[in-house]
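The report that follows is meant for a reader who is meeting this structure for the first time. Please keep the sequence and the model open while reading.

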Amino acid sequence: MSALNIKKGSTSHSAYDLRSGSSEVEESHTLAVIVENEPGVLARVIGLFSGRGYNIDSLTVAEVDHTGHRSRITVVTRGTPAVIDQIEAQLRRMVPVHEVHDLTMDGPSVQRELALLKVAGTGAARVEALQLAEIFRAKVVDSTLESFVFEMTGTPDKIDAFADLMRPLGLLEIARTGVAGLKRGL
Amino acid sequence: MSKQMTGARMVIQALKDQGVEVVFGYPGGAVLPIYDEIFQQNDIRHVLVRHEQGAVHMAEGYARSTGKPGVALVTSGPGATNAVTGLTDALMDSIPIVVITGQVPTFMIGTDGFQEADTVGITRPCTKMNWLVKDTAKLADTIHQAFHVATHGRPGPVLIDIPKDVQFATADYVPAESARISHYQPRTDGDAAQIARLVELMESAERPILYTGGGVVNSGLRASQLLRELVAETNFPITSTLMGLGSYPASGKNWVGMLGMHGLYEANLAMHGCDVMINIGARFDDRITGRIKDFSPHSKKAHIDIDPSSINKVIRVDVPIVGDVTKVLEEVLRQWRARGSKTEKGGLATWWKQINEWRAVKCLSYKPSTTTIKPQYALERLEALTKGMDRYITTEVGQHQMWAAQYLGFEDPNRWMTSGGLGTMGYGLPASIGVQIAHPDALVINVAGEASWLMNMQEMGTAMQFRAPVKQFILNNERLGMVRQWQELLHGERYSSSWSESLPDFVKLAEAFGCKGIRIDDPKHLDDAIMEMLAYDGPVIFDCRVEKHENCFPMIPSGKPHNEMLLSADADAFKSGAVLV
């Protein structure tokens, strides 16, 4: 084949504000997606993730504007920066998607999850569970002589930590809502 | 003053208001009310197809040759599932089509009713947007929205699923101008500052290349005019993807031919060696880029695309411009002229010298034969004998498709309809009918392979019934040619299921459909046979018996960079174990 005679040192160097494509480190991002609340929209958003092989670590959805029929989907996903960019671009171009916010990139944010934990036990274990619940500011929302249901809100890490502590004390079941998040400040 | 009407009548009214002239469809239980309305009017023509896949490909052919959205109408269940391939094809190639499906009545949805399928569920990943309309009052509004969505932003297929009771019920008709479309208004103006950076790149470029794609065609005729102006003012070389052929004329002096896996040597080497690449409405498809790591390693890249998700999806670019090709090129030319921009003439002259050396390789040469018809020769003769005619070409998928792209020249956009992204065998025959319905007096030729052609051959019945004089130019090698080529070059010549043992007699088949059949296997009489095909006033099945073992070159084995492309003489290089995907 013929020689190309390409000048050395003429390689492209981006002057544009792009995050390096070479980074292979996966990051966790929390995205808030404001969508038209009509049938099939959630399936379309979820289908994007499954169809293109993206991860979903957590997902919450509810209508947040009843008159405007807007729902807010909060999705926690993982990927390299390039993949996260692509996920956001793919979400933005969807017809029923109004806004996409990357809470991880748009400055500080508040992220909370609600969990219900059923812990069974008697005697010392039961007392210890109650004390730990107080430390974690979990509320007792149901109790029998052999069990509690605790309600707590917090970051997913905090809920994980509490659940780990409850496990040897008789944790039976746990229900979690997934993360909801808002940007801090205005 | 709003008008009350049934849902079925609303469908017809909304289609009329959207300027629809023809619908490709097939009736069935769940769309009978709509067919009843079709019967009682004369504004919209209905073309009865022979299979729903055909209806969608016809709508695609109609859309791609006119720039207007194509419309297909099919029934529930199997009607809808048969439309899935066409929808996916249109999604991959960004073709604006509107598919209307019937559905079982709302009260039966979810009961596994007769001919019930979860149509919106099945078609969600293969439509740009779809709707199940459960309320007649929302039907007209939804249809207007559907046309808006199909044709704005990056075009694509949309689907509206209408239960039978919604077709029977009555409600107020919402006219097009009152429809709710404000929520979907994609950006079309490119960012002026980014365009300024592109203009600066163009001024300093020593080895530029314009890499154009289907986005130029989709953007409309004005985009092609602007592209030609840009080429004329800069003298930059220009290549195109399979999808973009015709945006710049093949006879233009700056044309370096199609690029990609079976693209021209000069086009691919120019892509590899350029210092500035300007992607206009293409998407760095894997058939274009080859090995990503080694794709055009020394260039700064600009990318103009209306779809923000196309930018940086595969190849990271230096100048991203989100916008409609027409609007962006207008701004590029405005800035270029306002700045009194000049190209880097010295560098450009050297670059052209290099490109001309690559051209001199004559990568499309093949070994001629006096005894058998070489497929390349057949296409060269077809090109020569139809040049200057009002001609539209569709293709099926495979070797013949690549040869057609290599050996036929396209002077204008919307003249070349092929299944690029999805690679749908069976596309070309129905697409040719859709094109012919839109352009009744034009010459419409489907360049086909016999295997692809058989996949939707029932549509010859449609061609006959609706007097669409489509010419089916079948390069018959009795093989699945592209599969056979890969097996020869990469699978140890083990031809697993890649030949057809029991082909029909195409001439008799033509007679059975009531059209004309021509068989030719002697290169000496090929011209006469082609002339006979062109002279016949009606559909023709042209059975061109070609060399059975011809391979399609040049070829970049996938996963290889552009500068490792193979010309026919290099066939031995395959044996070294390149892996195709």
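Where is the place of N235(B) in chain B? In this predicted model, N235(B) sits in the loop between helix 11 and strand 10 of chain B.

N235(B) is not a glycine, and yet its phi is positive, at about 60°. The residue is partly exposed, with 15 other C-beta atoms within 10 Å.

A positive phi in a residue other than glycine is also found at Q115(B), where the value is near 55°. Q115(B) belongs to the loop between strand 5 and helix 6 of chain B, and it is partly exposed, with 16 other C-beta atoms within 10 Å. The loop between strand 5 (97-103) and helix 6 (119-123) of chain B also holds F114(B), which is exposed, with 11 other C-beta atoms within 10 Å.

## Chain A in outline

Chain A contains four helices and eight strands, and from the N terminus on these elements follow the order β-α-β-β-α-β-β-α-β-β-α-β. Of its 186 residues, 23% count as buried. When contacts in chain A between residues at least 6 apart in sequence are considered, 74% of them join residues that are at least 24 apart.

One residue of this chain, V127(A), is placed in helix 3 (residues 124-135) of chain A. V127(A) is exposed, with 12 other C-beta atoms within 10 Å, and its C-alpha atom is separated by 39 Å from that of T104(A), which is 23 residues away along the chain.

## Nonpolar cores

The largest nonpolar core has 196 residues, and those that touch the most other members are V33(A), A59(B), A72(B), I97(B), V99(B) and L198(B). Helix 7 (residues 139-151) of chain B gives the most to this core, contributing seven residues.

The surroundings of A59(B) can be followed individually: once its neighbours within four places in sequence are left aside, A59(B) is in contact with F24(B), G70(B), V71(B), A72(B), I97(B) and G434(B).

## An enclosed helix

Why can helix 12 of chain B be called largely enclosed by the rest of the structure? Nine of the nine residues of this helix, which spans residues 265-273, are buried, and it is therefore largely enclosed. The buried residues are Y265(B), E266(B), A267(B), N268(B), L269(B), A270(B), M271(B), H272(B) and G273(B). Their packing partners in chain B are strand 9 (208-212), strand 10 (238-240), strand 11 (255-258), strand 12 (276-280) and helix 15 (345-359).

## Two helix pairs in chain B

Helix 11 (residues 221-234) and helix 14 (residues 325-338) of chain B have axes that come within 9 Å and cross at roughly 30°, so helix 11 of chain B is roughly parallel to helix 14 of chain B. The crossing is left-handed. On the side of helix 11 of chain B, R222(B), A223(B), L226(B), L227(B), E229(B), L230(B) and E233(B) take part, and they meet V325(B), T326(B), L329(B), E330(B), V332(B), L333(B) and W336(B) in helix 14 of chain B. By class, the residues of this contact divide into nine nonpolar, one polar and four charged.

Helix 16 (residues 375-386) and helix 23 (residues 526-535) of chain B pack at an angle of about 50°, and their axes are 10 Å apart; helix 16 of chain B is therefore oblique to helix 23 of chain B. This crossing is right-handed. A378(B), R381(B), L382(B), L385(B) and T386(B) in helix 16 of chain B meet L526(B), D527(B), I530(B), M531(B) and L534(B) in helix 23 of chain B, and this contact has seven nonpolar, one polar and two charged residues.

## A cis peptide bond

F553(B) and P554(B) are joined by a cis peptide bond, for which omega is about -5°. P554(B) is located in the segment after strand 20 (540-545) of chain B.

Methods
Residues numbered from 1 in each chain as written. Chains lettered and ligands numbered in written order. Predicted model: local features only at pLDDT ≥ 70, side-chain atom pairs only at ≥ 80, totals over all residues. Axes fitted to C-alpha atoms, helices over the stretch in contact; angles between N-to-C directions. Parallel < 35°, antiparallel > 145°, perpendicular 65-115°, else oblique. Left-handed = near helix turned anticlockwise from the far one by under 90°. Contact = placed C-beta atoms within 7 Å. Nonpolar A, V, L, I, M, F, W, Y, C, P; charged D, E, K, R; others polar. Core = buried A, V, L, I, M, F, W, Y, C linked by C-beta atoms within 7 Å. Buried ≥ 20, exposed ≤ 12 C-beta atoms within 10 Å, placed from the backbone.
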